[in-house]
Amino acid sequence: MTEQITLPTAPGFLWGASTAAHQIEGGNVNSDWWAKEHVPGTLCAESSGDAVDSYHRYPEDVRLLADAGLNAYRFSVEWARIEPAEGEISRAQLAHYRRMIDVCLAAGVTPVVTLLHFTLPRWFAERGGWFAPDAVDTFSRYVETVTQILGDVRHVVTINEPNITSMMLGASRRTNLDAAGLAAPDQAASEVQATAHRRAVEILHGLGHVRAGWTVANQVFQAAPGAEAARDAYAYPREDFFLEVARGDDFVGVQSYLRTIIGTDGEPVPFGDDVERTLTGWEYYPQALGEALEYTHRITGGVPMIVTENGMATADDARRIDYTRGALESMARAMAGGCRIEGYLHWSLLDNYEWMSGFAPTFGLIAVDRTTFERTPKPSLAWLGDVARTGKLPA
């Protein structure tokens, strides 16, 4: 007989889905990523364009999430909209994101607000972005601006996946952006993001009610036989450094999709042709989530965790459910082993723009017709909602 796996239920546990502004809103013309999409010879597969028009359709998106039985929505506010030119604050855009928060609260959905999800205002990027001499002060002023709309928001993510940003910056300084992958991170970028994060946490704590943290892309680094030292050296600047920064935070966001095996030469070992792969080319390895949670728990010394991203790019929604079931089984084992986990937010609520890969990799619980923008919930959305309501994984 299969053992029944029991998970926490809503509302005490955050069950929901995540998105990012640039990937779903559309028309984010003042961001550095929009510029990357349109530069001659761009390595981006296509422009984000209208994305899936969630900028206008977010009330429907929140309603679909809530109707399925989920109680949390992680979304990002877009710095390039709020401050399209340095020092010029758009009150209309602040009001727009405040309405998003209000729509969530009215639907009984906890908003988990991310302040920075990869994209920078074009003016900041042109000044050097994280390498600008006043980068920390500039980001801090933006954080202070956004606090105006966070009066009843309890969960705030300062920076999304700073380790990936550092890897991309490390790659771009040596080769091209398409070499990013798991390139050696730029340590200066890592340090400045850490300082900016700590400053942001101080500002948010000044509100008196916000629980703040950042999210880390957890790669589940594993060692090939005899490669333990090489694995540890590879992992530290790409993951451990960022988890150590989180030790004093209210929570850390765990973002897990896959594992990475490191060989004795200190480089990732390619997977064989017999390995099942997702639409992003990643190995199908749902148990990575539990392993990422256990590792994060160990490195941070037990900081509370929220799974802020976990999912699979696939056109087969039944396989998405299989992957999510396996991931949640591994999360349950991590919880039974002492990991303090406060929520699970699936990536993604919607089929969206996936950066350099364009719209081809479909991660969403909801399909979107990109001509009409009609939303069609997939069976996986109802499946996850049932888990949230019952706390049970269907056999």
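E161 sits in the loop that links β4 (155-157) to α8 (162-174); helices (H or I, at least four residues) and strands (E, at least two) are DSSP runs, numbered from the N terminus. This is a predicted model, in which local features need pLDDT of at least 70, side-chain atom pairs count only at pLDDT 80 or more, and totals for chains, interfaces and linings use all residues. Residues are numbered from 1 along each chain as its sequence is written, and side-chain values use heavy atoms, with hydrogens and water left out.

E161 is not a glycine, yet its phi is positive, about 45°. The residue is buried, with a relative accessible area of 9%; buried means under 20% relative accessible area, exposed over 50%, and partly exposed in between (1.4 Å probe, protein chains only). V220, in the loop between β6 and β7 (221-223), also has a positive phi of about 45° without being a glycine. Its relative accessible area is 11%, and V220 is buried.

One joins A10 and P11, with omega about 5°, and P11 belongs to the segment before β1 (14-18). Another joins W347 and S348, again with omega about 5°; S348 is in the loop between β11 and β12 (366-368).

In α7, 9 of the 12 residues are buried, so the helix is mostly covered. Among them are F139, Y142 and V143. The cover over its buried residues includes α4 (79-82), α5 (91-106), α6 (122-126) and α9 (187-205).

The buried residues of α11 include L289, L293 and I299. Their cover includes the strands β6 (215-218), β8 (252-256), β10 (305-310) and β11 (341-347), along with the helices α10 (228-245) and α12 (317-336). Just after α11, G301 has a positive phi of about 80°.

The chain as a whole has 13 helices and 13 strands. Its radius of gyration, taken over C-alpha atoms, is 20 Å, close to the 21 Å that the globule rule (2.2 Å times the number of residues to the power 0.38) gives for 395 residues, so the chain is as compact as a globular protein of that length. Buried residues make up 60% of the 395 residues. Of the contacts (heavy atoms within 4.5 Å) between residues at least 6 apart in sequence, 77% join residues at least 24 apart.
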